[in-house]
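Biologist: Could you walk me through how to read a model like this one? I would like to learn feature by feature.

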Amino acid sequence: VQLVESGGGSVQTGGSLRLSCVSSGTTYSRVSTYCLAWFRQAPGKEREGVAAIDSGGNTRYEDSVKGRFTISRDNAKDTVYLQMNSLKPEDPASYYCAAEAGGCTGWVPLIRHLYRAWGQGTQVTVSS
């Protein structure tokens with residue numbers, strides 16, 4: 001599966017951005033069954049999980065983004081979104097979309113090595 005992110009950019013502290021990730025190229029399974037997630041990586045830091053969603057719409061968030069970020073999916077469009085509100089100076093990073101065809105119903109992990117498909121990333125910058 002190929003993943004293409006969009007929606008990154010530069011905003012001021014407290015601003016909002018919505019990231020999108022479109023999936024394509026699946027042959028043997030439907031993206032609607034996939035586990036989908038967003039990770040981010042800041043310069044000099046490890047890639048960390050931000051939010052994940054299973055095929056049933058169950059979600060999991062990293063603690064620092066709870067209440068500010070919302071992950072959602074539109075299965076008809078094979079797209080996953082990340083709505084980011086109240087952006088903070090610690091949020092800037094390259095944001096990556098990830099997918100796992102094996103699914104994750106009920107446990108919705110934010111564990112990097114469990115996701116086998118990755119996008120190229122989209123940059124988010126927050127200025128004060």
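Predicted model: local features only at pLDDT ≥ 70, side-chain atom pairs only at ≥ 80, totals over all residues.

Biologist: Let's start with strands. Which strands are joined by bridges to β9?

Modeller: The general idea is that in a regular strand the side chains alternate between the two faces of the sheet. Here, β9 covers residues 93–100, and seven bridges join it to β4 (residues 35–41) in an antiparallel arrangement. β9 also runs antiparallel to β11 (residues 122–127), with three bridges, and to β10 (residues 117–118), with two bridges.

Biologist: Is β9 mostly covered or mostly open?

Modeller: Mostly covered: eight of its eight residues are buried.

Biologist: Then how should I read the nonpolar core? Which residues have the most contacts inside the largest one?

Modeller: That core has 28 residues, and Trp38, Leu82, Met84 and Tyr95 have the most contacts inside it. Two or more residues come from each of β3 (17–24), β4, β5, β7 (69–74), β8 (79–84), β9 and β11. The top contributor is β9, which gives four residues. Another core, of eight residues, lies apart from this one; among its members are Cys35, Ala37, Ala52 and Tyr115.

Biologist: What does the side chain of Asp54 reach instead?

Modeller: The backbone nitrogen of Gly57, at 2.9 Å. Asp54 itself sits in the loop between β5 (48–53) and β6 (59–61). Beyond its neighbours within four places in sequence, Asp54 is in contact with Tyr34, Arg73, Cys104, Thr105, Gly106 and Val108.

Biologist: How do I read a positive phi, and where do I find one?

Modeller: Most residues other than glycine have a negative phi. Ser86 has a positive value, near 50 degrees, and lies in the loop between β8 and β9. Val108 also has a positive phi, near 45 degrees, in the loop between β9 and β10.

Biologist: Are those two residues buried or exposed?

Modeller: Ser86 is partly exposed, with a relative accessible area of 39%. Val108 counts as buried because its relative accessible area is 3%, and buried means under 20%.

Biologist: One last stop: what does the side chain of Thr79 lie close enough to for a polar contact?

Modeller: A polar atom of that side chain lies 2.8 Å from the backbone oxygen of Lys77. Thr79 belongs to strand β8 and is buried, at 7% relative accessible area. Leaving aside neighbours within four places in sequence, the contacts of Thr79 are Ser20, Cys21, Val22, Ser72, Arg73 and Asp74. Arg73 is also on the contact list of Asp54.

Technical notes: Residues numbered from 1 in each chain as written. Heavy atoms only, no water. Buried < 20%, exposed > 50% of the residue type's maximum accessible area, 1.4 Å probe, protein only. Pairing = 2+ DSSP bridges. Polar contact = N/O pair within 3.5 Å; in protein donor to acceptor, adjacent residues only side chain to side chain. Contact = heavy atoms within 4.5 Å. Core = buried A, V, L, I, M, F, W, Y, C linked by side-chain atoms within 4.5 Å.
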